[in-house]
Amino acid sequence: MPDIKLLDCTLRDGGYVNDWRWGFAPARQIIRTLTRAGADIVEVGFLRNVGEYDPDVTVCNTIEELNRLLPDDTRQTMYSGMAMRSNYDIAKLSAYDGHGIEMIRITAHDYDIREGMDFAREVKARGYKLSINPINIMGYADKDILWILDQVNAIQPYQFSIVDTFGSMRRHDLERIVSLVDHNLDPSIRVGLHLHENMALSFCLAQEFLDKRLRRGTTVDASLMGMGRIPGNLPIELVADYMNDTLGAHYDIDELMDAIQDHIAPIKGETQWGYTPAYFLSARYNLHRNYAEHYLAKGDLTNRDINHILAGIDDGKKTVFDKTYADRLYAEYQGRRVDDAAALNALKTAFGGKRVLVLAPGATLADPAAQERVAALRGAENGADVAVSANFVPEFLTPDYAFFTNSKRLDKMGAFPCPAILTSNLRPQVQPGQCCVVGYDRVAGAFAQGGNSVVMLLRLLALCGAKAVLLAGADGYAPGKPAYADASLHAHTGRGAAFHTAMAEAIRACGVPVTFVTPSEYERV
C-alpha cells in the first residue's frame with residue numbers, strides 16, 4: 001500500500017455542530033472505536049485559550065487535558081490536536097515527552113500567515129510532529145502559495161495540508177494546487193488534504209487525490225458521517241472503504257459503523273449537516289460560510305436573493321465574516337428605492353381611520369374553530385372594516401388585500417384572489433393592475449431579526465392612519481409545536497424567548513393599537 005494515512009477529525013471539526021460538548025466518556029469511546037478501526041491519526045480536539053477545564057468538552061488549554069481522552073491501548077494510531085495562531089497562547093504548550101498526542105496541526109489566516117509561521121516554529125521546537133494547515137488555500141494566488149511553500153521548506157514540518165476551508169475547490173483546482181505543492185515542497189514533507197462539502201464534491205476530490213502517485217506520503221482528513229461545521233466534511237467511512245477496495249488498506253468498517261450508530265446519528269437527528277444550496281453559493285464565490293448562515297437566518301430571502309447578495313461581496317471582505325458589512329448589503333438589497341407616493345395615497349384611503357383585521361400564517365389558523373371566530377370579525381359591525389393577510393392568503397377567508405415582503409412566500413402564489421401590496425425587494429409576477437409596491441426601507445425599520453412581515457405590515461398600517469388592528473395567527477414559536485398553518489413553510493426552530501421579546505417590543509412600538517384575537521407568544525411577554 002502507498003504511504004497514505006487516514007486522519008479522523010470528528011472530535012475537533014465535528015465539534016462545531018455540538019459546541020464540542022461530547023461528554024468525557026463518549027469522546028473516549030469514539031477515540032477507542034476509531035483506534036480499533038485502524039484510523040492512522042485521530043484528532044482529539046482543539047487547543048484554545050479557554051476558561052476552566054471541562055472534561056466533557058474537546059477544547060482545552062493544555063495538551064495534558066486533551067491527553068486524558070486517549071485510550072490505554074493506542075495500537076498503531078497517532079493522536080493529534082489543533083491550534084490556531086490567533087487564539088492560542090503557545091506558552092501553554094508543554095514539550096512533547098514521548099507519550100500522548102504526538103502531532104500538533106496549526107492554522108493561520110491569510111492576514112496573519114507570517115505570524116503563523118513563527119507559531120509553527122514554536123510548536124516544532126517543543127518536539128511535536130508539526131502539520132502546517134493554512135486556512136483557505138483557494139484564497140491564495142499561485143505566487144503566494146509558493147511563498148508559503150518556501151517558508152514550510154525552511155521549517156521542515158512533518159506535514160503540509162491543502163485546506164479547502166470554504167468548500168470551493170473543483171477538480172481543476174485540485175489538479176493545479178496539488179501539482180504546485182508536489183513540485184515545490186521538499187519531498188520529505190507529507191501532503192494532507194482537508195475538504196468541505198459545500199459542493200458535494202468531497203468524496204470525488206478525495207478519490208482523485210488518492211489515485212495520484214505523488215513523490216511523498218499523503219494524508220486525507222475525514223470525519224464520521226461527514227460531521228463538521230455545516231455543511232460538513234468528507235465522510236471517513238466512505239473514504240476508508242475506497243482505500244480498502246483500491247489501495248489494499250484494512251480499515252474496519254464495522255467499527256466505523258458502530259461509532260456512527262452510537263454517537264453521530266443521534267446528533268444528526270437534531271442538527272443536519274451536508275450539502276445545501278446556500279452553502280454551495282458561498283463556495284461559489286469562495287466566501288466565509290458565515291455569510292450564507294447570516295442570510296439564511298434572515299428568513300425572508302430565497303436562494304436567488306442570497307446568490308445576488310453574495311455575488312456583490314468585496315474581495316477584501318470574503319475571508320473574514322463582517323456582520324455590519326453583511327447587514328448593510330442586506331439592507332441595500334432589500335431597500336431598492338421606488339416611487340411609492342401614489343401607492344401610499346391609495347393605501348391611506350383604504351386603511352385611514354379603519355379597524356384592520358390582520359391575518360398572519362400561524363398554526364392557530366389551521367384550527368376550524370379559530371377560523372370561524374376570526375371570520376366572524378369580518379365586517380364593520382363585527383369589529384373590522386378591512387382584512388389584510390401577511391405573506392400568505394388563507395383559504396377560509398378571502399382578505400381585502402394580501403401583503404407580501406418575502407419572495408419565498410410570494411413564489412408560492414399563483415393567481416391572487418385580491419389586490420396585493422408588495423414591498424420593493426420583491427420581483428412581482430403579479431399583473432401591474434393587481435398590486436401596488438411600497439418601499440421596503442419605509443416599513444422595515446431596524447428590527448434585528450430581519451424583515452418580519454407582521455411588524456412591517458403594522459408599520460405600514462400606522463403610516464396609513466389605521467385606527468386599530470385585530471391580529472390573528474401571529475403565534476410565535478413554541479418547542480414541539482408547528483409554527484405555521486401551512487406545514488410546508490419553514491419553521492425557525494432556533495427562535496425562542498429572545499425573539500418573542502423583540503417581536504413584542506416591535507409590535508408595541510409600531511404606532512397603531514393592536515389586539516390579539518388568537519393566542520400568541522408575543523402577547524405573553
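I take helix axes as lines fitted to C-alpha atoms over the stretch in contact, with angles running from 0 to 180 degrees between N-to-C directions. I note at the outset that this is a predicted model.

**Entry 1: H5 and H6**

I looked up the pair H5 and H6 with that definition in hand. H5 covers residues 113-125 and H6 covers residues 142-155. Their axes come within 11 Å of each other and cross at roughly 15°. Angles under 35 degrees count as roughly parallel, and H5 and H6 are therefore roughly parallel to each other. I record the crossing as right-handed.

Which residues make the contact? From H5 I list Ile113, Arg114, Met117, Ala120, Arg121 and Lys124. From H6 I list Trp147, Ile148, Gln151, Val152 and Ile155. Sorted by class, the contact of H5 with H6 holds 7 nonpolar residues, 1 polar and 3 charged. I keep the general rule beside these lists: an α-helix has 3.6 residues a turn, so residues three or four places apart point the same way.

**Entry 2: the whole chain**

I stepped back to the chain. It has 525 residues, and 56% of them count as buried. I find 21 helices and 16 strands. Along the principal axes, the C-alpha atoms fill a box of roughly 85 × 45 × 45 Å. I also checked the contacts between residues at least 6 apart in sequence. Of these, 72% join residues at least 24 apart.

**Entry 3: H11**

I turned to helix H11, residues 277-284. Its buried residues are Ala278, Tyr279, Leu281, Ser282 and Ala283. What do they pack against? I find two partners, helix H12 (289-298) and helix H13 (303-311). After H11 comes asparagine 286, and its phi is positive, near 55°.

**Entry 4: cysteines**

How many disulfides are there? I took a disulfide as a pair of cysteine sulfur atoms within 2.5 Å. By this rule I count 0 disulfides. Cysteine 464 is in none, and its nearest cysteine sulfur, in cysteine 436, lies 8.8 Å away.

Cysteine 510 has a relative accessible area of 7%. Buried means under 20%, so cysteine 510 is buried as well.

Technical notes. Residues are numbered from 1 along each chain as its sequence is written. This is a predicted model: local features need pLDDT of at least 70, side-chain atom pairs count only at pLDDT 80 or more; totals for chains, interfaces and linings use all residues. Side-chain values use heavy atoms; hydrogens and water are left out. Buried means under 20% relative accessible area, exposed over 50%, partly exposed in between (1.4 Å probe, protein chains only). Helices (H or I, at least four residues) and strands (E, at least two) are DSSP runs, numbered from the N terminus. Angles under 35 degrees count as roughly parallel, over 145 as roughly antiparallel, 65 to 115 as roughly perpendicular and the rest as oblique. A crossing is left-handed if the near helix is turned anticlockwise from the far one by less than a right angle, and right-handed if clockwise. Contact means heavy atoms within 4.5 Å. Ala, Val, Leu, Ile, Met, Phe, Trp, Tyr, Cys and Pro count as nonpolar, Asp, Glu, Lys and Arg as charged, and the others, Gly among them, as polar.
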